[in-house]
Amino acid sequence: MSSRRGVGLSAFRNRSALSTQYASHGASLRSNHASSLQNQLSVFQSLLHNFAIQHGDTIKSDPTFRAEFARMCNAIGVDPLAGSNVKGKSGSKGKGSWWAQTLGGDVNDFYFELAVRVVELCRATRGENGGLIGVGECREMVGKGKGIGGGMDISDDDVLRAVKSLDPLGSGFSVVTVGSRQMIRSIPKELNTDQSTVLEAIQVLGYVTCSMLEDNLGWSNARSETVIQDLLADSLVWVDAQSPEKEYWSPSSMGLDDL
């Protein structure tokens, strides 16, 4: 008869108690770590607030400095545009965004004024480009005040933040990437893969023809014609019918002087 004894209930109780102690200790460590991180974050935010007050004029006037400052804000979880123009329960405006609380309303208003100008520009050029305009082109046109009044000293980062500020309005404005370029899409319609491919090819080559798409991408004539006709219908490409074969150009890929 074997003399080995099975594991008793006390061993199970000890193991359970040990597991409970480990779990409790782990929870305590996580809580202390979270508290330490929260304290560090509060210190960073306080220093950032003092920095913003000290360099407020430069932030307002220098697009590059403003972009770097905004990146610092995002790195520690401060959204400069969060809570902008939010009304309190009494119907009056509350404290507003972090920009407004720290620097006054000037910078906060700056982004909303810029957003209005971007919307006006996109609407004014929609018939030419089908609602797709390059971020750099938008910056240059707003900077020159072309068609919308006085110019503004802005950067690409400012334009991107202005477009982002329109998100809560459900305006349909968004930033898409076509090839290596960031572009503002001002109509609520997504580009499919074939359309993006054609626009990227135009960006590289200057123009495309149906035969170029067929030879280089292996597309059928029907596929090439369908994509081109869809882009034409949305005014995303223009057609040059004077060549032996029709050439298709994208106004968003042309220089400002060509428009």
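This is a predicted model: local features need pLDDT of at least 70, side-chain atom pairs count only at pLDDT 80 or more; totals for chains, interfaces and linings use all residues.
Colleague: How are α8 and α10 oriented to each other?

Modeller: Helix α8 covers residues 193-205 and helix α10 covers residues 221-233. They pack at an angle of about 80°, with axes 10 Å apart. That angle falls in the 65 to 115 range. α8 and α10 are therefore roughly perpendicular.

Colleague: How many charged residues does the contact of α8 with α10 have?

Modeller: From α8 come Asp194, Gln195 and Val198. From α10 come Arg223, Val227, Ile228, Asp230 and Leu231. By class, four are nonpolar and one is polar, and the charged ones number three.

Colleague: Which strands stand at the edges of the sheet?

Modeller: The sheet is open, with three strands in antiparallel pairing and in the order β1-β3-β2. An edge strand has a single partner, so one of its sides has no neighbour in the sheet. This applies to β1 (132-134) and β2 (174-178).

Colleague: Over how many bridges do β2 and β3 pair?

Modeller: Take β1 and β3 (residues 181-185) for reference: they pair in the antiparallel sense over three bridges. β2 and β3 pair in the antiparallel sense too, and their bridges number five.

Colleague: How are α6 and α7 oriented to each other?

Modeller: Their axes come within 9 Å. They cross at roughly 100°, and the range for this class runs from 65 to 115. α6 and α7 are therefore roughly perpendicular.

Colleague: How many nonpolar residues are in the contact of α6 with α7?

Modeller: α6 brings Val135, Gly136, Cys138 and Arg139. α7 brings Asp156, Val159 and Leu160. Two of these residues are charged and one is polar, while the nonpolar ones number four.

Colleague: Which element gives the largest share of the largest nonpolar core?

Modeller: The core has 20 residues; Leu114, Val118, Ile133, Cys138, Val159, Phe173 and Ile184 touch the most other members. Two or more residues come from each of α5 (105-129), α6 and α7 (156-164). The largest share is eight residues, and it comes from α5.

Colleague: Which residues does Cys138 contact, leaving aside neighbours within four places in sequence?

Modeller: Cys138 lies in α6 and takes part in the meeting with α7. Leaving those sequence neighbours aside, its contacts are Val118, Leu121, Ile133, Val159 and Ile184.

Colleague: How many residues are in the second, separate core?

Modeller: Among its members are Val176, Val178, Cys210 and Val227. Val227 also takes part in the contact of α8 with α10. The second core's residue count is 19.

Colleague: Is Asp158 buried or exposed?

Modeller: Asp158 is in helix α7. Beyond four places in sequence, Asp158 touches Pro63, Arg66, Phe110, Tyr111 and Leu114. The cut-off for this class is under 20% relative accessible area. Asp158 has 0% relative accessibility, so it counts as buried.

Terms used:
Residues are numbered from 1 along each chain as its sequence is written. Side-chain values use heavy atoms; hydrogens and water are left out. Two strands pair if DSSP finds at least two bridges between them. Helices (H or I, at least four residues) and strands (E, at least two) are DSSP runs, numbered from the N terminus. A nonpolar core is a set of buried Ala, Val, Leu, Ile, Met, Phe, Trp, Tyr and Cys residues joined through side-chain atoms within 4.5 Å. Buried means under 20% relative accessible area, exposed over 50%, partly exposed in between (1.4 Å probe, protein chains only). Contact means heavy atoms within 4.5 Å. Axes are lines fitted to C-alpha atoms, for helices over the stretch in contact, and angles run from 0 to 180 degrees between N-to-C directions. Angles under 35 degrees count as roughly parallel, over 145 as roughly antiparallel, 65 to 115 as roughly perpendicular and the rest as oblique. Ala, Val, Leu, Ile, Met, Phe, Trp, Tyr, Cys and Pro count as nonpolar, Asp, Glu, Lys and Arg as charged, and the others, Gly among them, as polar.
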